[in-house]
Amino acid sequence: MAKFTDKVIVVTGASSGLGATLALECAKEGARLALLARNREKLEEVARGCEGVGGETLVVVGDVTLPEDGKRLIAETVDRFGGLDYLVANAGVSMWTNFAEVEDPSLYRKLMEVNYLGAVYCLHPALNYLMQSGGIFVAISSIQGKVGVPLHTGYSASKHALQGFCDALRMEVEENGVGVMTVLLHWLRGTELRNNALGKDGKAMGESSRKHSAESVTLEETAQAIIEGLLARKRELYIPNKLKLLVGAKALWPQLADSVIKGKVHREDQ
């Protein structure tokens, strides 16, 4: 039997990148999918791909920064499929600029609204349904939820907020049978996150942004790791697993960890 037969999975930010890849891989495992993003054309293309491998899909066009869209997403999902088993908060936006060079500080508000509040706004109407199913809330975060990274001050802050929210939430809902899994990622290949990263003027950097190095992880590898993490009901999932070493080093030898992080970011910025 497929891993997600008759399971209902909501994925936000599902029109491209990791969201699209994860949706496709879950569809292959028999999932019934509700897909949210702002771009209808791309979202419907992803839905067709999912249906082509046996998945059942619901397309919801909306914006995670709007609480009413989060409510509508969950309402339409439950109306269509009768319940909810997994909510994957994947929508996100990054940045790539030195704080001293920022021209439009409102970009910090946008980062917090998408990366942190976007997850909250979708989870709030979904929580009772996850309690009914004993389901799992999945926050697609970053290793930057644990350690700060230069040129990413606002992104790191938003992911720290998301991590803190999940850590506190987990203690509140575990007695109700709800799991909370944070996915702590390295840089990913094949996404539009770099091109859409906010620059010093608060606008997407586009093709002027750099490409990630060979140390980045593929979308397919990441999606498969997330699926295995869901089945194992993990609390935290590091991708790749070696990122745990960085968190340990940050706690024990903070100056050394800072030096390593700065060196890697410097190479990425060339």
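I began with R32, which at 22% relative accessibility counts as partly exposed (buried means under 20% relative accessible area, exposed over 50%, partly exposed in between, with a 1.4 Å probe and protein chains only). The model is predicted, so I kept in mind that local features need pLDDT of at least 70 and side-chain atom pairs pLDDT 80 or more, while totals for chains, interfaces and linings use all residues. Residues are numbered from 1 along each chain as its sequence is written, and side-chain values use heavy atoms, without hydrogens and water.

Next I looked up the salt bridges (a side-chain nitrogen of Lys or Arg within 4 Å of a carboxyl oxygen of Asp or Glu), of which the structure holds ten. In one of them E56 pairs with R32, the closest N and O atoms being 3.5 Å apart. E56 lies in strand β3 (residues 56-61) and R32 in strand β2 (residues 32-37), so this pair ties together parts 24 residues apart in sequence; strands are DSSP runs of E with at least two residues, helices runs of H or I with at least four, numbered from the N terminus.

Which residues are linked with E56 in a network of salt bridges? I found R32, E56 and R80 linked in this way, the R80 to E56 contact being 3.6 Å, N to O. R80 lies in helix α3 (residues 67-81) and E56 in strand β3, so parts 24 residues apart in sequence are again tied together.

Last, I noted the salt bridge of D69 with R72, at 3.3 Å between the closest N and O atoms. D69 counts as buried at 11% relative accessibility, whereas R72 is partly exposed at 30%.
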